[in-house]
Amino acid sequence: MLPPLDRAADGAIRLITLDNPPVNALSFAYCAKLLEELEQAHADGGVEAVVFAGANGLFSAGADVNDFNQELPEHATTIRDVIAAVEASVKVHVAAIDGNALGGALELALVCDYRVATAAAKFGLPEIRLGLLPGAGGTQRLPRLIGARAALEFMLKGSAISAQRALALGLIDEIVDADLVARAKDRARGAKRRVSERQAIIAADLPPQAGPFVVAQAHKAVPPEENGGLAAHTLIDAVQAAVELPFAFGIARESRLFGELVRSGPSQALRHLFFAERELAKIDGIDGAARDDTEIESAGVVGAGTMGSGIAIAFAQAGIPVVVVDGSDEAVDKARQTVMGMFMYQVQKGRLTREEAWKRGRSIRFTGDWAELGAADVVVEAVFENLEVKREVFRKLDAIAKPGAILASNTSTLDIDALAAETKRPERVLGLHFFVPANVMPLLEIVRGRETSPRTIAAAFKIGKLLGKKAVLSGNAFGFIGNRMIFDYVREANALAEEGVAPVRIDAAMKAFGFPMGPFAMTDLSGLDIALAVQKARGAEALGRTGVLERLVQMGRLGQKSMAGYFKYDKAVGKGREPIVDPQVEELYAQAARTAGIAPRAAGDDEIRTRLLDALAERGRKLLDEGVALRPGDIDVVYVYGYGFPPHRGGPMWYAEHGRVSSSAASEGEGRLPAHA
Ligand code: T1G
């Protein structure tokens, strides 16, 4: 039982609340205000200690990311100045943390003598996700608090951890289930400063000679600098200073390295994506009055195939019960196994308890009875990609679904208006284009039909948020955004192959750029027959000059599923998923090119990348002109989260405009951005 609060003494403990809605971002302007309040507390002889707490449901989201995209104002106050004032003070400081404590805000908490938190608090240094490193002492203080190995893992991952995990690591001193601020004040009363502990040259979990080993191991575990690993390697260099150098030297190195990263191309690209993601749901006519009032409390899925199962799992993972309808017992049995297998896998990975897995599994009900879809707030059809089949599904759904229910198609190429026309509720019909596996892939394309109402689109964005998706609004045009663009990308790759550039070289050039796989291996994965069907639907525009794709399909070379496509596959090599060069394909291209009168020519990696990336950007610009995509940032989000475009290059539209400039800026320090935290 805590001693009763001493009101008189209470005045001796000054509470400073971080209050800058919506997320208490520590902008320059706000840090100036915070520093002033802190200096007043330090100057007040009646104050013996300071407690920091957060308003608006969190501690703070950290530094204001907007500030990094502007010239550093003269005499700007940053979170570093606030932290320096805490460190220089003789008074005790305690952080009282509820909700998120991220980035510079956690670094502020690290310089405090004690950290107490609620069980709901979360702690993260997500700077790496912005192509940065914790630039306000985090790389120096965290290793001294929880050890170099744990600190590196925490900062290189960039994800938030729970209060329980933070307590176990030694990041916080106590989890409080009573009055957080009162307990923090209690801890502050009569406590002693712990600054010196924080500045000793030790990494708590390592004998000094092991430090270099941990640092070397960390470097090996992250991507190469030129391919998404710049911030990671730089962060490790900063932590190396914590392990090997006096505190002041480490802080100086961290500050220098932070400044380099702020100006780097990858960080500018990642900061672009950070804000682009937060723009997605901002759509004229939808932000305001049309803000959706549709409750999404239950869902339905038609089709228990791969997509249908994945969509059902996505809803179940969001805690939304879902009915899956399929007339095939075999499909239902397979889907049941898929669902339970997936949830049990998450138990094995420690992401779910058995109870949670069981609960989620039971929240998905399979049936052959369509009437059970009658209660669903949203029904997504994921049946065979055929317009007539889908038209029939929408006719049935319109008769069964309750008034106001949203009817969505997971189609990747068909016309949403044609489906809406089969219903009496076209204003409640749209596309929800998931990406396989639907329960894992973060992208969701929301496809608006001609009559889809703003209210329905708002509901679709709510569904996207509930499912944890990056939801992007697309017009109802062939291929929507992503598939339309990849169509041109693959066509350009094929044109290069027709000109004598081997598919293996084209794939290698795009993998070196940062894609997880090249266009030919990707087509082998998705199926050449699918690619050909889509191309035929596009008519002459798509089929290239030689018909090699059609010839390969006729030869039964459908890709990985037939152990041969543009490459060949061998179960003994990479479990049958490793592309193996097949000279027969290159010969086929050469013959076809001769027949078509295409003169072979050499193309270097730069030309390969330029042609394929320009094809993406050119199509992106057309999609913007046609109103299919709303913003360049929307297109970048689609391509990064749905098609493997390397995030550290910002997406096809960002790269087309900034790619070459910002990559040189990283080396020559151009692209003047402030070196500050
Ligand atoms: N800076 C500026 N704006 C931010 C922001 C930030 N750090 N975080 C959020 N916002 C805005 C966001 O753009 C949106 O604006 C609104 O707040 C709600 O955000 C020195 C250098 C805290 C978990 O990376 O992870 O500290 O759209 O939609 O889903 O070492 O925001 O309303 O106009 O995301 O409830 C490190 C980033 C900074 C945390 C809340 N910190 N933010 O999620 O809301 S660098 C981060 C988040 C740094 C130091 C370094 C999330 C959230 P608008 P939201 P949410």
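Mentor: Start with strand 4 and strand 6 (residues 122-124), which pair in the parallel sense over three bridges. Two strands pair if DSSP finds at least two bridges between them. This is a predicted model, in which local features need pLDDT of at least 70 and side-chain atom pairs pLDDT 80 or more, while totals for chains, interfaces and linings use all residues. Residues are numbered from 1 along each chain as its sequence is written, and side-chain values use heavy atoms, without hydrogens or water.

Look at one bridge. Leu-102 has Gly-124 in strand 6 as its partner. The sheet is open, with three strands in the order 4-6-7 and mixed pairing. Strand 4 and strand 7 (161-162) are the edges, each with a single partner strand, so one side of each has no neighbour in the sheet. Helix 4 packs on this sheet and touches strand 4 and strand 6. Contact means heavy atoms within 4.5 Å. The direction of helix 4 makes about 85 degrees with that of strand 4. Axes are lines fitted to C-alpha atoms, for helices over the stretch in contact, and angles between N-to-C directions run from 0 to 180 degrees.

Now the ligand. Strand 4 (100-102) and helix 4 (104-111) each give at least two residues to the shell around the ligand, as does helix 13 (265-279). In total, 27 residues surround the ligand, each with a heavy atom within 4 Å of it. The closest are Ala-61, Gly-104, Glu-107, Glu-127 and Gly-135. By class, the shell has 15 nonpolar, six polar and six charged residues. Ala, Val, Leu, Ile, Met, Phe, Trp, Tyr, Cys and Pro count as nonpolar; Asp, Glu, Lys and Arg as charged; the others, Gly among them, as polar.

The side chain of Glu-107 puts an N or O atom 2.5 Å from an oxygen atom of the ligand. From Ala-61, a backbone N or O atom lies 2.7 Å from a ligand nitrogen atom. Lys-282 has a polar side-chain atom 2.9 Å from an oxygen atom of the ligand. On its own the ligand has 1,000 Å² of accessible area, and the protein covers 73% of it. That area comes from the Shrake-Rupley method with a 1.4 Å probe.

Strand 2 (residues 49-54) and strand 3 (residues 92-97) pair over four bridges. There, Val-50 stands opposite His-93.

Last, two loops. Most residues other than glycine have a negative phi, and most peptide bonds are trans. Asn-56 has a positive phi, near 60 degrees. This residue lies in the loop between strand 2 and helix 3 (79-88). The bond from Pro-21 to Pro-22 is cis, with omega near 5 degrees. Pro-22 sits in the loop between strand 1 and helix 2 (28-43).

Methods
Polar contact = N/O pair within 3.5 Å; in protein donor to acceptor, adjacent residues only side chain to side chain.
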